[in-house]
Amino acid sequence: MDLLQLSDFDLIRVVEDDHDFHIYARLSEETTHCQHCGKYGVVGFGRREQVVKDLPRLGKRSSIYVETRRWRCKNCGKTFYDELPHVDEKRRMTDRLVQWIGEQALRRTNSSVAEEVGVSEGTIRLVFAEYVQQKHDAMCFATPRWLGIDEIHLTKPRCVLTNVEKLTAFDILENRNKQTVANRLSRLDHRKSIELVTIDMWRPYRDAAAAVLPQATVVVDKFHVVRMLNFACETVRKALRADLTPAERRGLVNDRFLILKRRHRLNGKEHMMLSGWLENYPMLAMAYEIKEAGHRIYDAETRDDADAAFEEWRASIPHEMKGAFGDFERAWRNWRDEILAYFDCRATNAYTESLNNLIRTTNRVGRGYSFEALRARVLLSEGPEKKAAARPAFQKMLNRDRDIEMTVHSMRVPTRYEGRYGTLLSTLPEILRDGDFGSDQS
Ligand SMILES: [Zn+2]
């Protein structure tokens, strides 16, 4: 049996020891043409043994030893070494090993892959980064009509690019700087086809969109606006609690949850509890009513109505509540155009809850996530199609099939994914929980 299974190479012999297969091979065909001028006629000019790492076999590391020759051209006089087919000469690895490392490093720690192959972790990291980039380039994610620029916290804040209509993520950027975001946006295909950009209230996103996507309308996501009303309410609630006796505090069970909930979503029992508290604590009642009224600004039919509703809301805030709701008021002033743009297009990031689930998952799974491994998982996950593409269960081969010669593929051709939108945000937590990866990386 040909242990090597690599076309263009002939196996000479195999030496096996406790940890390694040492596979000696030669090129099947002798070089006859010059690498420089392409003409026929070369003469031998020395020899050199090259050692190339290959796929691990039977639980052992494998290296291929090939004696390559140096040649001199009879025509142009230049010299050159034999080139090894199916080999990444820069890395001294077979192409199939490079591919395998990329696939493995998606699912396993770099150290375990490094140990199995017999190279350093640094090498695995470099090979993996290149693999991810190549696969990502080949995937050709469709540029969204509605682009979402969001944030996720993975050891530090990262920028997530999403397709708002398809509820998918198609890239994660290392940071949220204007330059980083603008660079990435400027590399999108057909970026002029982006009509709408939804963002949170982060100025660099607005600046990057203005610089690179001047045709697009920028909308501040509704969730990020109304969330500020909840923050204000929280400030009042916490201040109140700090002044209570322990017994009084015990009376406020689940107060945070009920106070942040919208009134129309409370059930009968919750409604009763909340009403009791609001009667006992007038400051809390005041904050609660202002929060509810603030949410109702979004009931407006048009941009002008919303603008008027905000001014009315602002004028209704009693003096003692001005401080707590000041951030919301300032945000409205600073982001007025982008907030009001919502009333023209009604675009929201409907996946915000998925994004929050994702953040909870990464927090729970812990600090083990490296940015690179996470990004690769997000970018290369095939989402709902993933399961269909997984290899089928082993099937025993029938007798009549055994004579058919197996085709040996020395190298897999990367799949080209057309018209992809990215990974469904709702599936990301599952993808991240699935398997141990990247935990040895910084
Ligand atoms: Zn030549």
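**Entry 1: the hairpin**

I began with strands β3 (residues 42–57) and β4 (residues 60–73), which pair in the antiparallel sense over 12 bridges. The model I am reading is a predicted one. Within this pairing I looked up Val43, and found that its bridge partner in β4 is Arg72. Two residues lie between β3 and β4, which form a hairpin, and in the turn Leu58 has a positive phi of about 50°.

**Entry 2: helix α2**

Which residues of α2 are buried? In this helix, which spans residues 110–117, I noted Asn110, Val113 and Val117 as buried. They lie on the same side of α2, because the arc they cover around the axis is only 65°. I recalled the general point that an α-helix has 3.6 residues a turn, so residues three or four places apart point the same way. After α2 comes Gly118, with a positive phi near 90°.

**Entry 3: the open sheet**

I next traced an open sheet of six strands, whose order is β12-β11-β8-β9-β10-β13 and whose pairing is mixed. Why is one side of β12 and of β13 left without a neighbour in the sheet? β12 (217–220) and β13 (423–424) stand at the edges and each has a single partner strand, so one side of each has no neighbour there. For β13 I followed the pairing with β10 (residues 168–173), which is antiparallel and runs over two bridges. In that pair, Ala169 stands opposite Thr423 of β13.

Helix α4 (residues 178–186) packs on this sheet, where it touches β8 (146–154), β9 (156–163) and β10, and the direction of α4 makes about 130° with that of β10.

**Entry 4: α4 against α5**

From α4 I went on to helix α5 (residues 203–212): the axes of the two helices come within 9 Å and cross at roughly 35°. The crossing in which α4 passes α5 is right-handed. On the α4 side of the contact I listed Lys178, Val181, Ala182, Leu185 and Ser186, and these meet Pro204, Tyr205, Asp207, Ala208, Ala211 and Val212 in α5.

Gln5 has a phi near 50° and sits in the segment before β1 (9–16). Is Gln5 buried, exposed or partly exposed? Gln5 counts as partly exposed because it has 15 C-beta neighbours inside 10 Å, a count that falls between the limits of 12 or fewer for exposed and 20 or more for buried.

The phi of Arg346 is near 60°, and this residue is found in the loop between α14 (342–345) and α15 (352–365). With 8 other C-beta atoms within 10 Å, Arg346 is exposed.

**Entry 5: the protein as a whole**

Finally I noted the totals. The secondary structure comes to 18 helices and 13 strands, and buried residues make up 29% of the 442 residues. Of the contacts between residues at least 6 apart in sequence, 64% join residues at least 24 apart.

Note on methods:
Residues are numbered from 1 along each chain as its sequence is written. This is a predicted model: local features need pLDDT of at least 70, side-chain atom pairs count only at pLDDT 80 or more; totals for chains, interfaces and linings use all residues. Two strands pair if DSSP finds at least two bridges between them. Helices (H or I, at least four residues) and strands (E, at least two) are DSSP runs, numbered from the N terminus. Two residues are in contact if their C-beta atoms, placed from the backbone, lie within 7 Å. Axes are lines fitted to C-alpha atoms, for helices over the stretch in contact, and angles run from 0 to 180 degrees between N-to-C directions. A crossing is left-handed if the near helix is turned anticlockwise from the far one by less than a right angle, and right-handed if clockwise. The arc is that of the directions from the helix axis to the C-beta atoms.
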